[in-house]
Amino acid sequence: QVQLVESGGGLVQAGGSLRLSCVASGRAFSSMAMGWYRQAPGKERLFVAAISWSGSSTSYADSVKGRFTISRDNAKNTVYLQMNSLKPEDTAIYYCNAVVSEARVIPKGGWGQGTQVTVSS
């Protein structure tokens with residue numbers, strides 16, 4: 001089973017940027033589509049972005065299109081989420097997970113501990 005470790009969160013002012021990383025264990029990573037999700041306090045976990053196994057195809061939630069960019073480095077077993085023009089409503093715990101595909105963003109595995117992103121106004 002693939003284990004996932006998210007990092008890169010922090011406190012940032014509105015309009016700022018952060019880059020999240022998710023490192024996966026195991027050789028299966030390079031064959032898996034991956035996604036980022038987030039969960040704000042008191043709310044359900046929601047899809048943010050996904051990327052195909054090769055990195056050639058991506059998808060985004062409407063709320064982050066044009067501001068966030070997902071990418072991956074299969075040699076490093078890592079998927080990234082570059083977040084620009086951050087807004088207070090982006091405040092949440094961010095998680096990564098394997099997904100069925102970048103078009104069917106159904107999470108496939110267990111969840112890591114996530115990384116907290118807090119955007120101040």
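Close-up 1. C22 and C96 are both buried, a term for under 20% relative accessible area with a 1.4 Å probe and protein chains only (exposed is over 50%, partly exposed in between). This is a predicted model, in which local features need pLDDT of at least 70 and side-chain atom pairs count only at pLDDT 80 or more, while totals for chains, interfaces and linings use all residues. Residues are numbered from 1 along each chain as its sequence is written, and side-chain values use heavy atoms, with hydrogens and water left out. The sulfur atoms of C22 and C96 sit 1.8 Å apart and form a disulfide, defined as a pair of cysteine sulfur atoms within 2.5 Å. Because C22 lies in strand 3 and C96 in strand 9 (residues 92-99), the pair ties together parts that are 74 residues apart in sequence. With a torsion of about 55 degrees about the S-S bond of C22 and C96, the disulfide is right-handed.

Close-up 2. Strands here are DSSP runs (E, at least two residues), numbered from the N terminus, and two of them pair if DSSP finds at least two bridges between them. Four strands make an open sheet in the order 1-3-8-7, paired antiparallel. Strand 1 (4-7) and strand 7 (68-73) stand at the edges with a single partner strand each, so one side of each has no neighbour in the sheet. Inside this sheet, strand 3 (residues 18-24) and strand 8 (residues 78-83) run antiparallel and are joined by six bridges. Look for R19, whose bridge partner in strand 8 is Q82.

**Close-up 3. Strand 4 and its two partners.** Six of the seven residues of strand 4 (residues 33-39) are buried, so this strand is largely enclosed by the rest of the structure. Strand 4 pairs with strand 9 in the antiparallel sense over seven bridges, and with strand 5 (residues 45-51), also antiparallel, over six bridges. Q39 is a handy landmark: Q39 stands opposite I93 in strand 9, and its bridge partner in strand 5 is R45. Strands 4 and 5 form a hairpin with five residues between them, and G42 in the turn has a positive phi of about 75 degrees.

**Close-up 4. The lining of the largest pocket.** Residues R38, Q39, A40, K43, E44, L46, E89, T91 and A92 line this pocket. A pocket is an open set of points on a 1 Å grid over the protein atoms alone where a 1.4 Å probe fits, with protein on both sides within 12 Å along at least five of seven lines; lining residues have an atom within 4 Å of a point.
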